[in-house]
Amino acid sequence: MDSNGKDPMKLINDFFVSRPKNTLLGSIDDYFKQSFAPKGFQVMTDETDAAFVVKAELPGIEKEDIKLEILGEDLIITVKSAKNEKKNGKQSIPIPPSAVKRNLKANYRNGVLKITIPKKTSTKIEID
């Protein structure tokens, strides 16, 4: 017991049990989780032997509300829909250096946009 009549071990235990729920590190984590959460629509990328594949789930969006463009080394997907404003947004997907940017193919079926970016063919070198 200290001079105030309280057990110091109980005070220390109470401090750790009843510490604030919103700590500084917790606040920083919350900020980054909210700030960089995907907005609008989800984009997934995949790779096959012949191509890179980008898929965006856009249920309820009309094909005319989707715009695709290449800007520098990025594929830009823009969605502007008056009917489904929650899905509006813009996503930038980096195009790998081993991709052929001229022959992209895109289709939109059943709410899924699929973009196929072919890979450059490699040159095989024989060793003497």
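Guide: Here is a walk through the core, then a sheet, then a loop. First, some ground rules: this is a predicted model, where local features need pLDDT of at least 70 and side-chain atom pairs count only at pLDDT 80 or more, while totals for chains, interfaces and linings use all residues. Residues are numbered from 1 along each chain as its sequence is written, and side-chain values use heavy atoms, with hydrogens and water left out.

Let's get our bearings. The chain has 2 helices and 7 strands, and from the N terminus on they run α-α-β-β-β-β-β-β-β. (Helices are DSSP runs of H or I with at least four residues, strands are runs of E with at least two, and both are numbered from the N terminus.) Of the 128 residues, 21% are buried, where buried means under 20% relative accessible area, exposed means over 50%, and partly exposed is in between, using a 1.4 Å probe and protein chains only.

Now for the core itself. A nonpolar core is a set of buried Ala, Val, Leu, Ile, Met, Phe, Trp, Tyr and Cys residues joined through side-chain atoms within 4.5 Å. The largest one here has 17 residues, and L58, I66, I77, L113 and I117 have the most contacts inside it. Zoom in on L58: leaving aside residues up to four places away in sequence, L58 touches F41, I66, V79, Y108, G111 and L113. (A contact means heavy atoms within 4.5 Å.)

β3 and β4 are joined over 6 bridges, and two strands pair if DSSP finds at least two bridges between them. For one example, look at E69, whose bridge partner in β4 is I76.

Last stop: the loop between β6 (105-109) and β7, where you'll find N110. N110 counts as exposed because its relative accessibility is 81%. N110 and I61 are 49 residues apart in sequence, yet their C-alpha atoms are 9.8 Å apart in space.
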